[in-house]
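Please examine the sequence and the structure shown below.

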Amino acid sequence: MAGEPVDHESPTGPIPVVPAAPTDTPDEKQSEGNMPTLMEQMGGISGIVASTVPIAVFVVANVLFELQPALIAALVAGVLVAIFRVVRKQPLQPAISGLVGVGVCAFIAYRTGEARGFYLPGLLYSAGLCLAFLVSIAVRWPLAGVIWHGINGRGQGWRSDRRMLAAYSWASALWALVFGARLVVQGWLYNADEETWLGIARLAMGYPLIGVAIVGTILAVRRAERPAKAA
């Protein structure tokens, strides 16, 4: 009736408004959806290739010319790659990483006065990665899986699957073998002071062996996933 106080506690009273649960703002959703994967941060395949161009230029120039022209050619190649990526509005990180890397290699070669000094950081890099892959297998965090899922942005939930863990352990062993082979072969050429053959081995044991390791990783993972899909 009119004039009577409204009982807010009765079933017929007005329904209180419950504040909605906080939700992600459009900006937050957009930022999560646009979170770059590891591969995108590396600039994709073109970025990976761009980071190695200066090294390839040095290898070829050192075979054809002397040390100083080869060092200059490698540094110029790094700068040109950076300019090229700026013009095409591509990520600069791969080009800068390659330029810094070739700068360190060039500095060591210049200070030692030997072309083989250019390859010393690569030898240490291969040794470090070989050890890292072996250790990752021992602690049950195989790097092949960590890196692969990091590139694809899928997280690390695969570790709970015993078949996937085993597959990535075998794949990590393959990667350790690749970097170990680089270390043994190129280390032997380094100690023998075979600069020309060392440069050739650096190129021959680069993308070809990486391609073999990638194919091996894909095959191992697909074989591990097949029974789960069929179940």
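In helix H9, which spans residues 195-204, the buried residues include Leu198, Gly199, Ala201 and Arg202. Buried means under 20% relative accessible area, exposed means over 50%, and partly exposed lies in between, for a 1.4 Å probe and protein chains only. Helices are DSSP runs of H or I with at least four residues, numbered from the N terminus. The four residues lie on the same side of H9, because they cover an arc of only 165° around the axis; this arc is that of the directions from the helix axis to the C-beta atoms. An α-helix has 3.6 residues a turn, so residues three or four places apart point the same way.

This is a predicted model, in which local features need pLDDT of at least 70 and side-chain atom pairs count only at pLDDT 80 or more, while totals for chains, interfaces and linings use all residues. Residues are numbered from 1 along each chain as its sequence is written, and side-chain values use heavy atoms, with hydrogens and water left out.

Leu198 also belongs to the largest nonpolar core, which has 21 residues; Phe58, Leu67 and Tyr119 are likewise among those with the most contacts inside it. A nonpolar core is a set of buried Ala, Val, Leu, Ile, Met, Phe, Trp, Tyr and Cys residues joined through side-chain atoms within 4.5 Å. Two or more residues of this core come from each of helices H3 (44-64), H4 (67-87), H5 (93-112), H8 (162-191) and H9. Another core, of 18 residues, lies apart from it and includes Leu129, Tyr168, Val178 and Ile210.

Leaving aside residues up to four places away in sequence, Leu67 touches Phe58, Asn62, Ala109, Gly113, Glu114 and Ala115, where contact means heavy atoms within 4.5 Å. Glu114 in turn forms a salt bridge with Arg116, the closest N and O atoms being 2.9 Å apart. A salt bridge is a side-chain nitrogen of Lys or Arg within 4 Å of a carboxyl oxygen of Asp or Glu. The structure holds one salt bridge. Glu114 is partly exposed, at 30% relative accessibility, whereas Arg116 is buried, at 19%.

What does the surface show? Val60, Val63, Leu64, Phe65, Trp197, Ile200 and Leu203 form a nonpolar patch there, with about 700 Å² of accessible area together. Such a patch joins nonpolar side chains (Val, Leu, Ile, Met, Phe, Trp, Tyr) within 5 Å, from residues with over 30% relative accessible area and no salt bridge; accessible areas come from the Shrake-Rupley method with a 1.4 Å probe. H3 and H9 each supply at least two residues of the patch.

Methods
Patches are made of residues with over 30% relative accessible area and no salt bridge: like charges are joined within 9 Å, nonpolar side chains (Val, Leu, Ile, Met, Phe, Trp, Tyr) within 5 Å.
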